[in-house]
Amino acid sequence: MLTENLHEVQERIIRACQKVGRDPKEITLIAVSKTKPVEMLHEVYQAGIREFGENKVQELTAKEETMPTDIHWHMIGHLQTNKIKYIVDKVTLIHSVDSVKLAEAIDKEARKKNVVCDILLEVNVAEEESKFGFSLENVIPALDTLKGLSNIRIRGLMTIAPYVKNPEENRPVFSALRKLSVDIAEKNIDNISVDILSMGMTNDFEVAIEEGATMVRVGTAIFGERQYLI
Ligand SMILES: *Cc1c(COP(=O)(O)O)cnc(C)c1O
C-alpha cells in the first residue's frame, strides 16, 4: 500500500517536472514520517527512500537509533535551543532555522561536536501568526550575522505555505521564496548558498515544483492521514 502511494507521488513529481521542463533528478522527495511507526518507515525504506523528515527531536532520535544507518534525517519542525545537542550531528539538514538566535545556538553546539551543520532558513512568506520563521524582508539583513558562523552552512530556504483548498493559491508564496533565493545568490556571500528550496507538501507540491522547489516534504500522500493522540 505505502509502496503504491509512494510510486504515485513519484509519478506526480515527474509530471510536474515535465510540465515546466525540469529534470525530476533536481527534486529530492523527503518522506515525512512524523507520528508514524517504524514499521511504516521500513516499508518506504524498502521501496528505496533514504530521506526522512521528522518534526520532533525525541521522535527523530528514537527512529534514528533503530533504522538503517544510510538514512538521511531531516529536521523540519520548530527546534528549541536546549534540544539542538541531541540532533546536530545526526541530521543531514535542519530545514527549520527560524531566527538568528537559533542559528547561533546551532553553530555553538556544532562547534562543540566538531561538525559543520547544514541548515535552511525558514521563511514565513505568508506572515501567518501561527507559524515560525523569518519574514521575507528580514532574511537578507540577517545574513550579515549568519555569514560569520563557521559551524553552520546555509544551503537554502524553506517555507511552509498556508493550508489552502486550491494549491494554486500558494503559487505566489512559492515564487516569492524563489525570488528571494535569486536575490541572495546575486550577493555572492561566502559560506551562504541557496541551491536548496524546500517547499511543497502533500497538498501543493506540484505547484511548488513548478515554481522551483528542489526538496518537497510529503507526509500524508505517502503514509496516510496522521492521528494525533492527546
Ligand atoms: C507535517 C509536515 C509536512 C508534511 O505534510 P503533509 O501535508 O502530510 O504532506 C511537511 N513539512 C512540514 C514542516 C511538516 O511539519
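In the predicted model, the second largest pocket holds about 150 Å³ of space, and its lining is formed by Asn55, Lys56, Val57, Gln58, His78, Gln80 and Lys83. Sorted by class, this lining comprises one nonpolar residue, four polar residues and two charged residues.

The largest pocket, by contrast, contains about 490 Å³ of space, and it is here that the ligand sits. A total of 27 residues line the largest pocket, and those that lie nearest its centre are Lys34, Ile160, Met201, Arg217 and Arg226. When the lining residues of the largest pocket are divided by class, ten are nonpolar, ten are polar and seven are charged.

The shell around the ligand consists of Val32, Lys34, Ile76, Ile160, Met201, Thr202, Arg217, Val218, Gly219, Thr220 and Arg226, and by class it contains five nonpolar, three polar and three charged residues. Lys34, Ile160, Met201, Arg217 and Arg226, which lie nearest the centre of the largest pocket, are also found among the residues around the ligand.

On its own the ligand has 390 Å² of accessible area, of which the protein covers 91%.

Notes
Residues are numbered from 1 along each chain as its sequence is written. This is a predicted model: local features need pLDDT of at least 70, side-chain atom pairs count only at pLDDT 80 or more; totals for chains, interfaces and linings use all residues. Side-chain values use heavy atoms; hydrogens and water are left out. A residue is near a molecule or strand if one of its heavy atoms lies within 4 Å of it. Accessible areas come from the Shrake-Rupley method with a 1.4 Å probe; for residues, only the protein chains shown count as cover. On a 1 Å grid over the protein atoms alone, a cavity is a set of points where a 1.4 Å probe fits but cannot get out, and a pocket is an open set with protein on both sides within 12 Å along at least five of seven lines; lining residues have an atom within 4 Å of a point. A molecule sits in a cavity or pocket if more than half of its atoms lie within 2 Å of its grid points. Ala, Val, Leu, Ile, Met, Phe, Trp, Tyr, Cys and Pro count as nonpolar, Asp, Glu, Lys and Arg as charged, and the others, Gly among them, as polar. Grid points are joined across faces, edges and corners, and a volume is the space filled by probe spheres set on the points.
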